[in-house]
Structure formats: structure tokens, C-alpha cells
Amino acid sequence: MSKSLQAIRGMNDILPDQTPLWRYFEGTVARLLDNYGYKQIRMPIVEFTELFKRSIGEVTDIVEKEMYTFEDRNGDSLTLRPEGTAACVRAVLEHGITGGGQVQKLWYIGPMFRHERPQKGRYRQFHQIGLEVFNLDGPDIDAELIIMTWRLWGELGIRDAVKLELNSLGTSESRGRYRESLVEYLSAHHDKLDEDSQRRLKTNPLRVLDTKNADTQAVLVDAPKMADYLDDESRAHFEGLKARLDAVGIPYVLNPKLVRGLDYYSKTVFEWVTDKLGAQGTVCAGGRYDGLVEQMGGKPTTGVGFAMGIERLVLMLETLEQIPAEISRQVDVYLCAFGEQAELAGLALAERVRDQLPNLRLQVNAGAGSFKSQFKKADKSGALYALILGDDEMAQQVVGFKPLRGQGEQQSIAWDALAAHLATCVVQG
Ligand code: ATP
Ligand code: MG
């Protein structure tokens, strides 16, 4: 292939040997969300650039340097979505489905785009499953989101490898008061801060808290603490959340430096982190954003949500070898037919069987071939059984039924009895 035909750096193909694991993961999450009463919403992948500037905030990493922004043929500035919350809020407002205090429990899945430095667990097109709840303002729903993810980690077999970090940013008022005293403190130590933090001090001071710079971290040791600035409402909310997590038995670590990258969070913020993926350790992150809908032009509407990175979680399943055995086998039964008449009869027989066993994974040989070559394909397919239609079977209106994984001898089954026989020996998902 010519060298110029390549995918864009940081944008990956998900190849056929990987998709079964993706579908297992996505299916597990979708079933869980159904069971907890969440409904799926699907938004476009492209939105007006303004939407992200207004919701995520002008001085965040995403808006400052990570967005794929372009002009379309009308001269409108459009952006490939870097995350899902903004578009979800736009959609509920546009369609009026959160008006009058209507509760919405929504989820979405799909690709997101950020111009970051590609590395393990960090890509330019990546995939999220996200969830947003509108018009429920108590800690009970914050708890439900966390409880649901806890159950998910349990079902996936990765619970022991993740840790919940929790913080409260308070209401926008208490957050504002905290920001002021933090700025005052940091300004007094301006010269000891790294360059990035000096810049953030002016634009987005809370982000200084999650600096990786050791000198700045030393300055932060004596900085004012967010927890001391929480008002009664925020404090009660946070206590309510913790009590619920305790009641269910979900361990957590309080991390006063957890501020999250986006501008719009208030009260609860949380991250599920792992040490199994190297530097890209956050697999799911979220929090409450009670002011966002109003900031975007809606009536006051509370919100809380999270997003998980599918690539990172799939990587975790692989790293921890939590790949269910059944997903590696894609075929139950492989039908081999020899000669034109047998091929025609085989096709009709396969359709009759599929009518009766809609979940059976039955593959019919294509491309004819000798006895030897069709058996080789049957074996390679991973099927448990081969069905054989040759001259003898045609004459007797039977099909040869041959176990491929050493479970007994070949036998002959009458065409009419085939579906019933298969139902007894193939466990159907
Ligand atoms: P990080 O700190 O790793 O950059 P973030 O705070 O920017 O993450 P969010 O915007 O909260 O991430 O997105 C939620 C989740 O989406 C992350 O926890 C992560 O699992 C995943 N994610 C974010 N950016 C990427 C990326 N570039 N590639 C792969 N997954 C990502
Ligand atoms: Mg990021």
C-alpha cells in the first residue's frame, strides 16, 4: 500500500480480533444502565465551536489547545466534540426535555476528539460512555452513579484494581470564596510557582492544585484548604454522599486536590483511578455541575454525570486478563457441503435451522472446496461442530454431525431433527 494511505496519528482502527472485547464491554455497560433506568441519547459528533467555549470554559486545556476546530463551507466555526456533556445539555435544552423540573437520566456512547500527544491510553480519537442526570439535586443520585460504576467494575472483574477518589468543590459561592483566598495565598508566593501555575493563577487558579511540579507542590502544602470553605449546604451534600457509599460498603479516598479539568463542576467530583495503566490512570471521572445549564442559557437545572474511557477500560481487561472465554469463540456450528446439489440443500437447511434457533451462530461454508479444505476452515472458525452434506447424506436426507473439539463420534441426523438436536448440544447466549 502506498505510504500516504494511513490513519491519522492517534486515531485507531479497532480490528476484528479486538471488537469482541469492545462489544462485551459496551454490552455489559448498556445492560447495567438499562437496569438502573437510564435512557440512551445520541448527539451529533460536530457542534458549533461556541458551544464548547461556553460550556467547558475558554481557559481549560481542552478549549485552549485540544480542540479539532475548522470552518465549514458556510464559514461557520465547527468543532469535533471533545466530550459529551456540552452537546447533551444543548440537546436537552433545545428539545425542552428538562423543562419544569423533568428528571432525565441519560447516557451516550461514541467517539470524542482531542488533539493531545498520543501514547498508551491517550489518543486523539477516543471513545467514551457518558451519563448525565438532570433535575435531581441530592447526594442520593451522586451515590447512585458511583454505586453503578462499582457494580460494573465487579461484573468486569477489575474491582480490586481501581480506587475511588472523592472531593467536593462546594457551591459556586463557596468555591468563589475559596478561589479568592487561594489566589491571595499563591500570589504571595508567586516567584516559587512554576511557569504553568503562574499562568493558571490568572486564568484558572484551582487547576494549580493538581500541578505535577514539585516546587509548586511544596508551596501548596500550607495553602488554604477547600474543605474549610465549604458552606453548610455543600458540607451536608458531601456528608450525605459519603454516608451512602459507606452504607453500600464502597471504599474511597478523599483527595482535596482533585479539581477536574473542566470549569463547570460544583460540589461532588470523583475519579476512578488505577495503577495498572501507567500514567493514564483515570478510567472514569465525573461530578456535579449545578450551574452549567443556566450558564448555557437554560433555566436553573441541576446536573451530575461522568464519563469513562473505553480504550483505557478495554486495556485494563486485557492487562488483568479478564477476558471471558466465551467471547473468543464466534462460531457454534460450521456447515460444509460438497457438490452443487448439496450446496443448495445446505443453504435451505441452514435457513430452516436459523428460523428455529435465532441465536445459533451458524456459518455456512462459502467458496466450495475439497473435503480437506472445508474441514480446515471449519476447524479454524472455532466452531464446536461441523455439519456435513455430501452425496451419501443427500441420498438419505440426513446431515453428518461431527464434533470438532473431541466430544464423541460423528453421527447422522435427519434434516427435520437437526434444529432440535443442535438445541440440546449448543448453549445459546
Ligand atoms: P486525563 O486527565 O487523563 O487527560 P481528562 O480529565 O481530560 O483525563 P475527562 O474529560 O474527564 O478526562 O474524560 C473522561 C475519561 O475519558 C477519562 O477519565 C479517560 O478515561 C477518558 N479520556 C480522556 N481523554 C482521553 C484520551 N485522550 N484518550 C483516551 N481516553 C481519554
Ligand atoms: Mg485531558
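**Salt bridges, nonpolar cores and aromatic pairs**

Glu 351 and Arg 354 form a salt bridge in which the closest N and O atoms are 2.6 Å apart, a salt bridge being a side-chain nitrogen of Lys or Arg within 4 Å of a carboxyl oxygen of Asp or Glu. The structure is a predicted model, in which local features need pLDDT of at least 70 and side-chain atom pairs count only at pLDDT 80 or more, whereas totals for chains, interfaces and linings use all residues. Residues are numbered from 1 along each chain as its sequence is written, chains are lettered from A and ligands numbered from 1 in the order in which they are written, and side-chain values use heavy atoms, with hydrogens and water left out.

Because Glu 351 and Arg 354 are three residues apart in helix α12 (residues 340-356), about one helical turn separates them. Helices (H or I, at least four residues) and strands (E, at least two) are DSSP runs numbered from the N terminus. Glu 351 is partly exposed at 40% relative accessibility, and Arg 354 is partly exposed at 28%; buried denotes under 20% relative accessible area, exposed over 50%, and partly exposed the range in between (1.4 Å probe, protein chains only). Salt bridges with shared partners join Asp 61, Lys 65, Arg 200, Arg 207 and Asp 210 into one network.

Across the whole structure, 24 salt bridges are found. One of them pairs Arg 90 with Glu 47, the closest N and O atoms being 2.7 Å apart. This pair links distant parts of the chain, 43 residues apart: Arg 90 lies in helix α4 (residues 85-94) and Glu 47 in strand β2 (residues 46-48). Glu 47 counts as buried, at 8% relative accessibility.

The largest nonpolar core has 88 residues, and Trp 153, Trp 272 and Met 308 have the most contacts inside it. Such a core is a set of buried Ala, Val, Leu, Ile, Met, Phe, Trp, Tyr and Cys residues joined through side-chain atoms within 4.5 Å. Helix α5 (residues 139-156) supplies the largest share of this core, nine residues. Apart from this core lies another, of 23 residues, including Val 333 and Trp 415.

Eight aromatic pairs are found in the whole structure, with rings of Phe, Tyr and Trp (its six-membered ring) paired if their centres lie within 6.5 Å, and planes under 30 degrees apart counted as stacked, over 60 as edge-to-face and the rest as tilted. Phe 134 and Tyr 289 form an edge-to-face pair, 6.3 Å centre to centre with 70° between the planes. Phe 134 and Tyr 289 are both buried.
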